[in-house]
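Me: I am new to this one and would like a guided look. Could you take me through it step by step?

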Amino acid sequence: MQTYESLLTVTQEDLDELNHVNNVRYVQWVQEIAKNHWTAATTHKIRETYFWIMLSHLIEYKHPALLNDVIKLKTYVTKAEGVTSVRVVEITNNNTNKLLAKSETTWCFMNSNTMKPNRIPEEISKIFQ
């Protein structure tokens, strides 16, 4: 399966009152890497015709991330059937390789013209295999 990765450094704005990365920030990172993977793997025409919406989201927090930690986000699609796909995001400390959090998100494939769910075409499924 195709993976997509990116690195980021934890900033003061990412932290909560306990000086750990805020849980909401993890969700934002999950959404951002999914969008970045979609953008990197598809053409402008495909992105004009289709988009994804989040249906459900499960995240497991394993260890805290702290200020100045370098974080690796790794994402991949584990399933794409009908109008939905399941995307996993693994968030690790890049220096220690310790898993900080893991998410599994179900996304619905949407048609921009009809604003309704659209069966995932084979050309799109193949991109993420």
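This is a predicted model: local features need pLDDT of at least 70, side-chain atom pairs count only at pLDDT 80 or more; totals for chains, interfaces and linings use all residues.

Me: Let us start with Thr105. Where is its place?

Reply: Thr105 sits in strand S5, which covers residues 99-111.

Me: Is Thr105 buried or exposed?

Reply: Thr105 is buried, because its relative accessible area is 1% and the cut-off for buried is under 20%.

Me: Which side chain does the side chain of Thr105 make a polar contact with?

Reply: That partner is His57, and the polar contact between the two side chains is 2.7 Å.

Me: And which residues does Thr105 touch, not counting those up to four places away in sequence?

Reply: Thr105 touches Val30, Met54, Ser56, His57, Ser85, Val86 and Arg87.

Me: Ser56 is on that list. Where is Ser56 found?

Reply: Ser56 belongs to strand S2, residues 50-61. With a relative accessible area of 36%, Ser56 is partly exposed. Leaving aside neighbours within four places in sequence, Ser56 is in contact with Glu104, Thr105 and Thr106.

Me: How many Å apart in space are Ser56 and Gln129?

Reply: From C-alpha to C-alpha, Ser56 and Gln129 are 21 Å apart, and in sequence they are 73 residues apart.

Me: New topic. How many salt bridges are there?

Reply: The count comes to three salt bridges. One of them joins the side chains of Asp14 and Arg25, at 2.6 Å from N to O. Asp14 lies in the loop between strand S1 (3-9) and helix H1 (23-41), while Arg25 is in helix H1, so this pair ties together parts that are eleven residues apart in sequence.

Me: Does Asp14 count as buried or exposed?

Reply: Asp14 counts as buried, at 7% relative accessibility.

Me: Which side chain meets that of Glu60 in a salt bridge?

Reply: The side chain of Lys62 does, with an N to O distance of 3.7 Å. Glu60 is partly exposed, with a relative accessible area of 41%, and Lys62 is partly exposed as well, with 44%.

Me: What about Glu122, which side chain meets it in a salt bridge?

Reply: That of Lys126, at 3.1 Å from N to O. Glu122 counts as exposed, at 56% relative accessibility.

Me: Which element gives the largest share of the lining of the largest pocket?

Reply: H1 does, with five residues. At least two residues of the lining come from each of H1, strand S3 (70-81), strand S4 (84-93) and H3.

Me: By class, what residues does the lining of the largest pocket have?

Reply: The lining has nine nonpolar, three polar and three charged residues.

Me: On to the backbone. What is phi of Asn97 near?

Reply: Phi of Asn97 is near 60 degrees, which is a positive value in a residue other than glycine. Asn97 is in the loop between S4 and S5 and counts as exposed, at 58% relative accessibility.

Me: And what is phi of Met115 near?

Reply: For Met115, too, phi is near 60 degrees, a positive value in a residue other than glycine. Met115 is located in the loop between S5 and strand S6 (116-117). With a relative accessible area of 54%, Met115 is exposed.

Me: One last residue. In which strand does Pro117 lie?

Reply: Pro117 lies in strand S6. At 51% relative accessibility, Pro117 counts as exposed, because the cut-off for exposed is over 50%. Not counting residues up to four places away in sequence, Pro117 touches Val83, Cys108, Phe109 and Met110.

Me: How many Å separate the C-alpha atoms of Pro117 and Leu73?

Reply: Those C-alpha atoms are separated by 28 Å, and Pro117 and Leu73 are 44 residues apart along the chain.

Note on methods
Residues are numbered from 1 along each chain as its sequence is written. Side-chain values use heavy atoms; hydrogens and water are left out. Helices (H or I, at least four residues) and strands (E, at least two) are DSSP runs, numbered from the N terminus. Buried means under 20% relative accessible area, exposed over 50%, partly exposed in between (1.4 Å probe, protein chains only). A polar contact is a pair of N or O atoms within 3.5 Å; within protein, one must be able to donate a hydrogen and the other to accept it, and residues adjacent in sequence count only if both atoms are side-chain atoms. Contact means heavy atoms within 4.5 Å. A salt bridge is a side-chain nitrogen of Lys or Arg within 4 Å of a carboxyl oxygen of Asp or Glu. Ala, Val, Leu, Ile, Met, Phe, Trp, Tyr, Cys and Pro count as nonpolar, Asp, Glu, Lys and Arg as charged, and the others, Gly among them, as polar.
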